Amino acid sequence: MDLASYGDLAVRLVNTADPGRPEQDALVDAAGLEALLGDRAAWRRLPRTDALPRLRALRERLRRIVEDAASGNAARAVRELNVLLAAAPISPQVTAHDRQPWHLHVSEGAHDVVEAYTAAAVMGLAVQLTELGPDRFGVCAASGCRHVFVDTSTNRSRRYCSERCATRANVAAYRARRRAAG
Ligand SMILES: [Zn+2]
Ligand SMILES: [Zn+2]
């Protein structure tokens, strides 16, 4: 896994919840944790003491950073990101496994799954914020959705968290136009 892809971990964690739909929290049981870990097989073997509440707490802090960056408050986002970076158990190691080329791991010193996830997600967010710029962070523009995204499109045009929300918003706009016309 390369450094840039660590940033996806931050977005994935933030999007396990939507502040507008608290009843749909995807991080309340073991299945939710499994889904969050995705293909990180090595992390599955780590202890998971209090993993869910600790990850939900991290999720809240990451959301604040992304929302601050998205709303033009980059200075505050960076301040909070630096607090997380200073506290995160980041221990970089160059490694190769599963026939991959040499690449950087940042969670090698993790004592449990939350430390592993925190190190990688916080480092990834920092890489994305510095390499892409804070204005590339966004909150979905579809009504009723507050999922976040990182805009990696070449023309900086991304407005929605997913194809699903883009389609939903387009259909709603089309209906509104039809109502206005007829
Ligand atoms: Zn690896
Ligand atoms: Zn959305």
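Tutor: Gly144 lies in the loop that links β3 (137-139) to β4 (148-150). The model is a predicted one. Is Gly144 buried or exposed? Its relative accessibility is 55%, so Gly144 counts as exposed; the cut-off for that class is over 50%. Gly144 still has partners from elsewhere in the sequence. Leaving aside residues up to four places away, Gly144 touches Asp18 and Arg21.

Now compare a helix position. Thr118 sits in helix α6, which covers residues 113-132. Here the relative accessibility is 12%, so Thr118 counts as buried; the limit for buried is under 20%. Which residues does Thr118 touch, beyond those up to four places away in sequence? They are Leu58, Ala88 and Pro89.

Next, the metal site. Three histidines coordinate the zinc ion (ligand 1): His97, His103 and His105, each through NE2. The distances run from 2.0 to 2.1 Å. Along the chain, the donors keep the spacing H-x5-H-x1-H. His103 and His105 are both buried.

Step back to the fold. The protein chain holds 7 helices and 4 strands. Read from the N terminus, the order is α-α-α-α-α-β-β-α-β-β-α.

How do the overall dimensions look? The C-alpha trace spans about 65 × 35 × 35 Å along its principal axes. The radius of gyration is 18 Å; a compact globule of 182 residues would have one near 16 Å, so the two agree. Of the 182 residues in the protein chain, 40% are buried. Thr118 is one of the buried residues.

Contacts tell a related story. Take pairs in contact that are at least 6 apart in sequence: 54% of these contacts join residues at least 24 apart.

Last, the surface and the charges. The protein chain has an accessible surface of about 10,200 Å². Carbon and sulfur atoms account for 53% of that area. There are 26 positive and 21 negative charges, and their mean positions lie 8 Å apart.

Key. Residues are numbered from 1 along each chain as its sequence is written. Chains are lettered from A and ligands numbered from 1 in the order in which they are written. This is a predicted model: local features need pLDDT of at least 70, side-chain atom pairs count only at pLDDT 80 or more; totals for chains, interfaces and linings use all residues. Side-chain values use heavy atoms; hydrogens and water are left out. Donors are N, O and S atoms within 2.8 Å of the metal (3.2 Å for Na, K and Ca); water is not among the atoms, so sites may look incomplete. Buried means under 20% relative accessible area, exposed over 50%, partly exposed in between (1.4 Å probe, protein chains only). Helices (H or I, at least four residues) and strands (E, at least two) are DSSP runs, numbered from the N terminus. The radius of gyration is taken over C-alpha atoms; the globule rule is 2.2 Å times the number of residues to the power 0.38. Contact means heavy atoms within 4.5 Å. Accessible areas come from the Shrake-Rupley method with a 1.4 Å probe; for residues, only the protein chains shown count as cover. Lys and Arg count as positive and Asp and Glu as negative; His and the chain ends are not counted. The place of a charge is taken as NZ of Lys, CZ of Arg, CG of Asp or CD of Glu.
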